[in-house]
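Please keep the sequence and the 3D structure side by side while you read, and look up each residue as it is named.

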Amino acid sequence: MPEILLYVGVVIGVLMLFRTYVNGARCKSKEKLHGKTVIVTGSNTGIGRVTAVDLARRGARVILACRNQTRGQAAASVVQRESGSKNVVYMELDLASLKSVRSFAENFLKTERRLDILINNAGVYMQGITEDGFGLMFGVNHLGHFLLTNLLLDRLKECAPSRIVTVSSYLHNHGNLDFDTLRTHKEFGVGESLWDVFRIYSHSKLCNVLFTHELAKRLQGTHVTCYSLHPGAVNSDLARNLNKMSRRLLKGIAALFFKDVEAGAQTTLHCAVQEGIEGLSGRYFSNCAVQKVKAKAQDDAVAKKLWEVSETLSGLT
Ligand SMILES: NC(=O)c1ccc[n+]([C@@H]2O[C@H](COP(=O)([O-])OP(=O)(O)OC[C@H]3O[C@@H](n4cnc5c(N)ncnc54)[C@H](OP(=O)(O)O)[C@@H]3O)[C@@H](O)[C@H]2O)c1
Ligand SMILES: *[C@@H]1O[C@H](CO)[C@@H](O)[C@H](O)[C@H]1NC(C)=O
């Protein structure tokens, strides 16, 4: 009997060590954010909500920018409870609608005085079409955030030093920006198969990295800095729209091998609050450290072109 207990103990111990290893690096900064205001998009669940809790604990006023009022308000209560801060509010933002992005920005600029950190966290992994006819993943993951960031830029500059953090993914490595496809298919890629969705998602995440690359250049000298990042493979709700089989399979794997959402928020937090990383503006982070990216993810010409195309498509120019 005692022997069995020993074995069980060892197995549990090894599992715990393994989980600690999987969860990876943690944000070490003790930075407080009293008097500062933060926006986190897509913060009613997943990585975004955990990020919001941590920032509220640090004393920030946190705006949960979410598309669904019921879920957004419910999340605001959860974040208030878990952070012990009342300074958490929901504001409606549907990134799949350029009109909604504009009215969010208008509303925010009218009712709030500061913006110190903008966290572009919301993301979708599914096919579909936005209100304006763009592919859902391109529209939400990139274009909506592109417009949002630009509309809030003056406020960020006024409140500098300030930061813009965009949650990308390791999968950006599998992306490619085919501007010809974009001209004919506002999805930035065509198809419905599992493989197509994977590819088009990857394109949108490459957009996040290139957007940040170009943004950093445009922000030189303003003391507004920006970062993109991979949160890790995280056991969140992101796969909720996959078919039942893939979802079940993923669930089992995810419980063991993926980071929990707490761990998944750490690199976002690092980019948002870590002191002394300003010199790394425009770079890509993973596991709370800056990482090298492939040539295609730091291509000046492509990044500039993406910026100009996005200006036109989002109606900014
Ligand atoms: N999980 C991973 O393994 C992983 C890996 C790499 C990168 N990422 C990235 O991490 C970020 C957070 O994802 P997650 O894993 O936390 O996924 P999640 O649990 O699915 O959360 C995604 C959030 O985005 C919101 N959202 C979706 N469409 C939106 C829209 N049109 N307007 C406003 N908000 C919208 C969702 O709101 P609803 O609840 O209303 O749908 C939800 O709050 C995403 O950018 C994702 O691409 C995740
Ligand atoms: C908002 O979320 C609630 C709860 O998940 C759901 O019942 C409702 O249909 C959603 N509303 C919209 C407009 O999607």
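**From the chain end to the ligand**

In this predicted model, T317 is found in the segment that follows helix α11, which spans residues 300-313. With a relative accessible area of 67%, T317 is exposed, because that value is over the 50% that the term requires. Once neighbours within four places in sequence are set aside, T317 is in contact with E311 and T312.

The structure holds 10 salt bridges, and another of them joins the side chains of E262 and R26 at 3.0 Å, N to O. This pair links distant parts of the chain, since E262 lies in helix α9 (residues 261-264) while R26 lies in the loop between α1 and β1, 236 residues apart. Both partners are partly exposed, E262 with a relative accessible area of 36% and R26 with one of 46%.

A further salt bridge is formed by the side chains of E278 and R163, at 2.9 Å, N to O. E278 lies in the loop between α10 and β7 and R163 in strand β5, so the pair ties together parts that are 115 residues apart in sequence. Here E278 is partly exposed at 38%, whereas R163 counts as buried at 8% relative accessibility.

Strand β5, residues 162-167, also contains S162, which counts as buried at 2% relative accessibility. A polar atom of the S162 side chain lies 2.7 Å from the backbone oxygen of L156. Leaving aside neighbours within four places in sequence, the residues in contact with S162 include L115, D116, H223 and V224.

We can now turn to the ligand. Of the 30 residues around ligand 1, those that come nearest are N44, R67, Y201, S236 and R240, and by class this shell has 13 nonpolar, 11 polar and 6 charged residues. A polar side-chain atom of R71 lies 2.8 Å from an oxygen atom of ligand 1, while a backbone N or O atom of L95 lies 2.9 Å from a nitrogen atom of the ligand. The protein covers 96% of the 890 Å² of accessible area that ligand 1 has on its own, and the elements that give two or more residues to the shell are α2 (46-57) and α7 (194-218).

Conventions:
Residues numbered from 1 in each chain as written. Chains lettered and ligands numbered in written order. Predicted model: local features only at pLDDT ≥ 70, side-chain atom pairs only at ≥ 80, totals over all residues. Heavy atoms only, no water. Helix = DSSP H or I, 4+ residues; strand = E, 2+ residues; numbered from the N terminus. Buried < 20%, exposed > 50% of the residue type's maximum accessible area, 1.4 Å probe, protein only. Contact = heavy atoms within 4.5 Å. Near = heavy atom within 4 Å. Polar contact = N/O pair within 3.5 Å; in protein donor to acceptor, adjacent residues only side chain to side chain. Areas by Shrake-Rupley, 256 points an atom, 1.4 Å probe, with all protein chains shown as cover. Nonpolar A, V, L, I, M, F, W, Y, C, P; charged D, E, K, R; others polar. Salt bridge = Lys/Arg side-chain N within 4 Å of Asp/Glu carboxyl O.
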